Amino acid sequence: CHRASSETVAYADGKFWLIYTNIVTTGGANTGVKPSDSIPVDSSILIANAVGNAILVYPPSGGEINGLGANTAATLAQDKGMTLVRVSATAWIAVFA
């Protein structure tokens, strides 16, 4: 189970940046989540793992996270967070917290 939402944040330079969130609250070991392919380039999604085990975060079909390879999941440890920034149609950068 997870909750997903989005909000719009305005910056001083007049640009708007969509920020999405996905809080994962249930799931077994090695289960995964995948952000929507509709997230625009230059936007980000915060994924929070509130499950008692690591989860897998997959890119949208054909995408890659941190150069891991197309359709390859990144592992998000239990009780940790990850911000994914979409930098192109297929490339995502993950910052772990």
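I began at R86, which counts as buried at 5% relative accessibility. Buried means under 20% relative accessible area, exposed over 50%, and partly exposed in between (1.4 Å probe, protein chains only).

I noted the ground rules next. The model is predicted, so local features need pLDDT of at least 70 and side-chain atom pairs count only at pLDDT 80 or more, while totals for chains, interfaces and linings use all residues. Residues are numbered from 1 along each chain as its sequence is written, and side-chain values use heavy atoms, with hydrogens and water left out.

I looked up the partner of R86. R86 forms a salt bridge with D37, with the closest N and O atoms 2.9 Å apart. D37 lies in the loop between strand 3 (32–33) and strand 4 (44–49) and R86 in strand 8 (residues 81–86), so the pair ties together parts that are 49 residues apart in sequence. A salt bridge here is a side-chain nitrogen of Lys or Arg within 4 Å of a carboxyl oxygen of Asp or Glu. By this rule I count one salt bridge. D37 counts as exposed, at 52% relative accessibility.

I then listed the elements. The protein chain has nine strands and zero helices. Helices (H or I, at least four residues) and strands (E, at least two) are DSSP runs, numbered from the N terminus.

I finished with the whole chain. Of its 97 residues, 31% count as buried. I took contacts (heavy atoms within 4.5 Å) between residues at least 6 apart in sequence; 50% of them join residues at least 24 apart. The protein chain exposes about 5,400 Å², and carbon and sulfur atoms supply 57% of it. Accessible areas come from the Shrake-Rupley method with a 1.4 Å probe; for residues, only the protein chains shown count as cover.
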